[in-house]
Amino acid sequence: MSWRHQTAQMRIKKLIGDAPKFSVQDFNDYMPLYEARRTALMAQKQAVTPPLFSLEKGKAVVVDTVQIYIAITNYDEYRLEEERETEASHEKALRFLHLHYSAADRVIEQSSAQRVDFHGGRMHAVILGQSGLGVTRETIAEAFAFIHDLQLVADEANRTLAGNEFTARFRIGVDVGTCVAINNGTSGEQEPMFLGSAANHAAKLADGDEPGVYVSDRVRALLNVPELGVLERFSGLDQNFVSLNAARRSDDGTIVFGVQDAVSKSTALLSDWQSEIHNGTMPDITDPSFKFSYQQPPLSEIDYSELSPSRSVRMPLVSMFADLSGYTNYVDEAVQAGKIAEAVLALFVIRQEFQNVVEADFGGRKVRFIGDCIHAVIAEGDRLQANERESVSLAAKCAGGLRSSFELCQQELDGIETLGLAIGAELGPTPITRVGIRGERSVRLVSSVASSRSEQMQQECPENGTLFGPKALKAAPSALNDIFDEQGFSSDMNFEDVTTCLSEFTPPATSTPLYARAHSTSNVSTPRAHLKAK
């Protein structure tokens, strides 16, 4: 398996030719059709998914949203044991996430919020503005009611089910805005996504060590409270926040304030949960239930549907994040210019090609798409153990293949010449499993120090940079020293660069220059001082 110019170019052309003709619909036009379909499915006693959760691949819906990111700030307290990752510490961290994923989904099922995704110690949820007037104060009230209930149920679940073993501290980011909803998932791996600046900004608000609820100036404007212009903790600002934080929608649809019914609802949720544990339909969180085994590479053979706490993978591997730089602004501009279909087509082609590179070319496994970013894992080894040196070498070639395919996408697709690609990668022992509520609501999970650091490194990279972590760099073959600087950074590193360093490059069978850019002999990268601030 390897990346080949001709193969990638043919794949990309085929993706463009086979791509559905994207139709763009306003949410107010979408909902009557959704409700009719929902009624028909319920009459046939079939499962019904929330609005926008399982859109057809050729559909994009423009919708006003409240975007909510909930991050657990003390996650590493459970993932590390004396500053090290061990099988026991990973088992404890997974039980911790298993408890909180389950709590979050149980609250969501009783609220107007929808879960978009879980990603490590972070949850993304959304509330849709369904009034026809965009996001209103009532929609914000519903968001804060959901946040309040989640914190209450998480605390009670920890106390009642886990004997206070898993106390979580939350940092929550909230923003509002118009987004484009799409879905690139399959029946077993639904991936609803909300593209736009509101989702990105909410994620940034949730990024930090200090717990609390952090909101954007757009939320503040809706609440008629002073705008700050900077990230600032909202809790305790004034009584208006305290009231909205406790706001709930009553059964008759009106907004009431206070938390008089919150405790009774959380008690009922926990009672049902305890019954499921007693009946054996949900595992007892106090009983260590994660069993790990080694997965012989290629990791592309992993079937997430077969994973569970008792059938989990744990092994050394390289975690990799590849993110499109500038895509959020590109989407916002597309919304304004009426070019949403073109923007969604570009993302459809690029993401599918990225998955092809990871899985078909290098035997890795896509974990998930996070907006315009792909998270993947890759390893090399035999039936007994992974080879860290060869895993890093394969990951470097994969990173180069991703960039080379991205450059081909830029040649074939109009309007994306200003986008860049930032890649981060790190090596380390990593578990792969599914946690949370059983069935389709369970969540595929790849979470370790390597996964967190690779995401952080991708975020630190300027556009078109590649940054490998210290463990990956230490295990890398010495030949790669010509392409990475001492801190693991390389600028514009493509597949030709990597394979030339490893003396594996075979020129493509074409007389046309492969890339319209010059490369130095060693391609030694820009110093780390040029990286973006986190």
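## Burial and the overall chain

A residue counts as buried when its relative accessible area is under 20%. R368 has a relative accessible area of 2%, so R368 is buried. The model discussed here is predicted.

The protein chain has 534 residues, and 55% of them count as buried. It holds 15 helices and 17 strands.

## Salt bridges across the sequence

The structure holds 16 salt bridges. One of them involves the buried R368. Its side chain meets that of D117, at 2.8 Å from N to O. This pair links distant parts of the chain. D117 sits in strand β3 (residues 114-119) and R368 in strand β12 (residues 365-370), 251 residues apart.

E455 and R122 form another salt bridge, at 3.3 Å from N to O. E455 belongs to helix α13 (residues 449-460) and R122 to strand β4, so the pair ties together parts that are 333 residues apart in sequence. E455 has 13% relative accessibility and therefore counts as buried.

R169 and E77 also meet through their side chains, at 2.7 Å from N to O. Elsewhere, R11, E353 and D361 are linked in a network of salt bridges.

Helix α2 covers residues 27-43. Its 17 residues should span 24 Å at 1.5 Å a residue, and the end C-alpha atoms are 24 Å apart, which agrees. Its buried residues are F27, Y30, M31, Y34 and L41. Seen down the helix axis, these residues fall within an arc of 100°, so they line one face of α2. An α-helix has 3.6 residues a turn, so residues three or four places apart point the same way.

What do the buried residues of α2 pack against? Their partners are the strands β1 (23-26), β2 (59-72) and β4 (122-128). The face turned away from the buried side carries the exposed residues P32, L33, T39 and A43.

The N-terminal end of α2 is capped by D26. A side-chain oxygen of D26 lies 2.9 Å from the backbone nitrogen of N28. After the helix comes K45, with a positive phi near 60°.

Helix α4 (residues 87-108) has 22 residues. From first C-alpha to last, α4 reaches 31 Å, close to the 32 Å expected at 1.5 Å a residue. This helix is mostly covered, with 19 of its 22 residues buried.

The 12 residues of α13 should span 16 Å at 1.5 Å a residue; the end C-alpha atoms are 16 Å apart, which agrees. Buried in α13 are V449, A450, S451, S454, E455, M457, Q458 and E460. S448 caps the N-terminal end, with a side-chain oxygen 3.3 Å from the backbone nitrogen of A450.

Helix α12 (residues 388-412) contains S391. S391 is buried, with a relative accessible area of 1%. Leaving aside neighbours within four places in sequence, S391 is in contact with V318, A379 and E380.

## Nonpolar cores

In soluble globular proteins, nonpolar side chains tend to be buried together. Which residues touch the most other members of the largest nonpolar core? They are Y327, L402 and F468, in a core of 65 residues. Helix α11 (residues 340-361) gives the largest share of this core, 11 residues.

L402 shows the reach of these contacts. Leaving aside neighbours within four places in sequence, L402 is in contact with M320, A322, F354, V357, V358, L421 and I423.

Terms used: Residues numbered from 1 in each chain as written. Predicted model: local features only at pLDDT ≥ 70, side-chain atom pairs only at ≥ 80, totals over all residues. Heavy atoms only, no water. Helix = DSSP H or I, 4+ residues; strand = E, 2+ residues; numbered from the N terminus. Expected span 1.5 Å × (residues − 1). Buried < 20%, exposed > 50% of the residue type's maximum accessible area, 1.4 Å probe, protein only. Arc of directions from axis to C-beta. Contact = heavy atoms within 4.5 Å. Polar contact = N/O pair within 3.5 Å; in protein donor to acceptor, adjacent residues only side chain to side chain. Core = buried A, V, L, I, M, F, W, Y, C linked by side-chain atoms within 4.5 Å. Salt bridge = Lys/Arg side-chain N within 4 Å of Asp/Glu carboxyl O.
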